[in-house]
Amino acid sequence: MSLSYQDLINEAKHEIPEIEPADLADLIGRVAIFDVRESDEYEQGAIATAKLLPRGLLEGAIDKHIDDPGEKIVVYCAGGARSALAAQTLTRMGYSNVSSLQGGFGRWKSDGHPWGLPEALSNDQRGRYSRHILLPEVGEEGQIRLLESKALIVGAGGLGSPAALYLAAAGVGTIGIVDFDVVDATNLQRQILHNLDRVGQSKVESARETLTALNPDVKIITYDERLSAENVLQIFSGYDVVVDGGDNFPTRYLVNDASVHLGIPVVHGSIFRFEGQVTVFEPYTGPCYRCQYPEPPPPELAPSCAEAGVLGVLPGVIGTLQAMEVLKILLGIGDTLSGRLLTYDGLSQEFRTLRIRRDPTCPACSDESHPPAIVEYDQFCTPAGVVARAG
Amino acid sequence: MSAVVKIPTSLRGLTGGSSEVEVPAGRLGEVITNLTDTYPDLGERLLDEKGNLRRFVNVFVAEDDIRFLEGLETEVSSGQVVTILPAVAGG
C-alpha cells in the first residue's frame, strides 16, 4: 500500500507530540529550537533563538548541535507539516524529547509571538565562504562573526601585505590599514599588496584597490598617516584586534602602549633577514611587548630591512602566521600564541616555541588601574624605565 | 658535557658566521664567559660594563626566559640549548 504526503504527515503527527506556540514562548532559552525550513524562508523571518537546520541537512548535522539525545528539542517549519516529519525522524534517531511547533512559524507570528530577521549570509557569501562554513569550528555563525569583526593592520608592508590579503579573503568585515608611505619599486620583492602600476601611489590606497578587488564584502578603512602619540588611541579605538606589522621600534612600543591602554590584543610579527618572531600580546592576561622587550637594542644592533636586507618570502611566512592568530582570536577557537613566542629560522627551516611571561615590574601592564600614558618616542626609543604614567 | 648556544643572525658576524656554538655546560654566567672568551666582540654586545646581561638581550635556557629563572646563575645542563634572542623590528 502506498502512502500519500498527507498520510505521511498524519502518521507523523500521530507519533510525535506537538507544542502550542504559547507553551514554546514560555520555554524560550531553555529549549533547543531548530528551524527546518529552507534558508530563503528563514531569512524572511524566524524565532530569534532558533538555529537554521533545513530538513535536507537535519539527520546529518543534528549531532553537531545536540550532545544529549534526551535534551528538549522543538522543530518548526512554515505550517507544521515538514517539522512533524522532521520530529518523527529525530525521534527514530534516538532523540527522545522532540516536539513540533503546532501551526509552524505562521501560527507563531499570527499569535503575536516575537520574531526577527536573522543575521544570515547571502547566497553569494555562502558560496564564497563555503570552505569556512564546512568547518564545524567556524560554520555560518563563525563566518557572520568574522564579517562583523574589525581588524587594524599597522603597516601595509612585508607583514601587512599577506596578513591583509588573507584577512580580506577570509571575510573579516572591516579592515583598517595605517601607513603613511608610498609604494616604491624596492617594496615589490615582498609587499604583495602592491604592484608596478602603483609605484608612487599611497600604500593604503594601493592596499584598498587590491583588497576590494579580492573581496568586495570587506570595508577597508585607510589611515594615510604616520602612527603617533596624537592619533594612535583614536585610530585603534573600536577595533577587535591589531596586527603589528610595523618596521621600527618606536612604532612597536607605541602600538603596545596604546593596545594596553585600550585592552586590544596585538598579533605581533617581526622579521630580520631570514628570521622571524610571532606572538600574541593579550593585555593584562598575557605578557605585553614591554614585558618581553623592556628596552630596544641600540640602532646599530637593530638595522632595518632597508639596511640589512630581507628574503622576500620571510614576511610571507610570518604575516600569514599573524593572520592565522587573528582569525583564531576573532573566532574564539584554538590556543593563541599569548605567552608563547614562535621563532622561525628560514635558513635552517626551524620553528621553535619559547615561553614568555608577564613581568610583574612592567612599566606598561603591571598595574591595570594605571594604563600607560601614550608618549612619542624618537628613533632611539625612550627607555622603558622613564615611561610617563597616566595619573 | 656540552651545551649549544644558538646565535641570532644579527650577531653571527661576531661568531665568524656560526649559528650554533658548543660550550661546556655549567652556570649560564660560565657558559657566556666561555662564549665571549672565544668571541670577545660578542661579550660587549651581551654584557654591560658590570658584567650583567644588557636589558635588550633575551636569553632562554631550553624554552624559558632566564629573567624568570635564576638569571646568570641558571644551571645549563649538558645537551640543553641556550637561545640568544634579540628584539627585531623589521616588517
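Reader: How much area is buried between chain B and chain A, and what share do carbon and sulfur atoms give?

Author: The size of an interface is often given as the accessible area lost when the parts come together. Buried area here is the accessible area (1.4 Å probe) that two parts lose on being put together, summed over both. Between chain B and chain A it comes to about 2900 Å², with 54% from carbon and sulfur atoms. On the side of chain B, the greatest losses to chain A fall on B:Arg55, B:Phe56 and B:Gly91, which together make up 22% of what that side buries. This is a predicted model, in which local features need pLDDT of at least 70 and side-chain atom pairs count only at pLDDT 80 or more, while totals for chains, interfaces and linings use all residues. Residues are numbered from 1 along each chain as its sequence is written, chains are lettered from A and ligands numbered from 1 in the order in which they are written, and side-chain values use heavy atoms, with hydrogens and water left out.

Reader: How many residues of each chain are in contact, and how many salt bridges are counted between the chains?

Author: Contact means heavy atoms within 4.5 Å. By that criterion, 41 residues of chain A are in contact with 25 residues of chain B. A salt bridge is a side-chain nitrogen of Lys or Arg within 4 Å of a carboxyl oxygen of Asp or Glu. The count between the two chains is 8. One of the salt bridges joins the side chains of A:Arg355 and B:Glu63, at 3.3 Å from N to O.

Reader: Which helices and strands does chain A have, in number, and what part of chain A is buried?

Author: Helices (H or I, at least four residues) and strands (E, at least two) are DSSP runs, numbered from the N terminus. Chain A has 16 helices and 13 strands. Buried means under 20% relative accessible area, exposed over 50%, and partly exposed in between (1.4 Å probe, protein chains only). Of the 391 residues in chain A, 52% are buried.

Reader: Is helix α10 of chain A mostly covered or mostly open?

Author: An α-helix has 3.6 residues a turn, so residues three or four places apart point the same way. In α10 of chain A (residues 160–170), 9 of the 11 residues are buried, and the helix is mostly covered. Among the buried residues are A:Pro162, A:Leu165 and A:Leu167. Just after this helix, A:Gly171 takes a positive phi of about 85°.

Reader: Which residues other than glycine have a positive phi, as A:Gln349 and B:Ala62 do, and where are they found?

Author: Most residues other than glycine have a negative phi, and most peptide bonds are trans. A:Gln349 has a phi near 50° and is found in the loop between β12 (340–345) and β13 (350–355) of chain A. At 55% relative accessibility, A:Gln349 counts as exposed. B:Ala62 has a phi of about 55° and is found in the loop between β4 (57–61) and β5 (64–65) of chain B. With a relative accessible area of 29%, B:Ala62 is partly exposed.

Reader: Why does A:Ile221 count as partly exposed, and which residues does A:Ile221 touch?

Author: A:Ile221 is partly exposed because its relative accessible area is 26%, a value between the cut-offs of 20% and 50%. This residue is found in strand β8 (residues 219–223) of chain A. Leaving out residues up to four places away in sequence, A:Ile221 touches A:Thr174, A:Ile175, A:Gly176, A:Ile177 and A:Tyr239.
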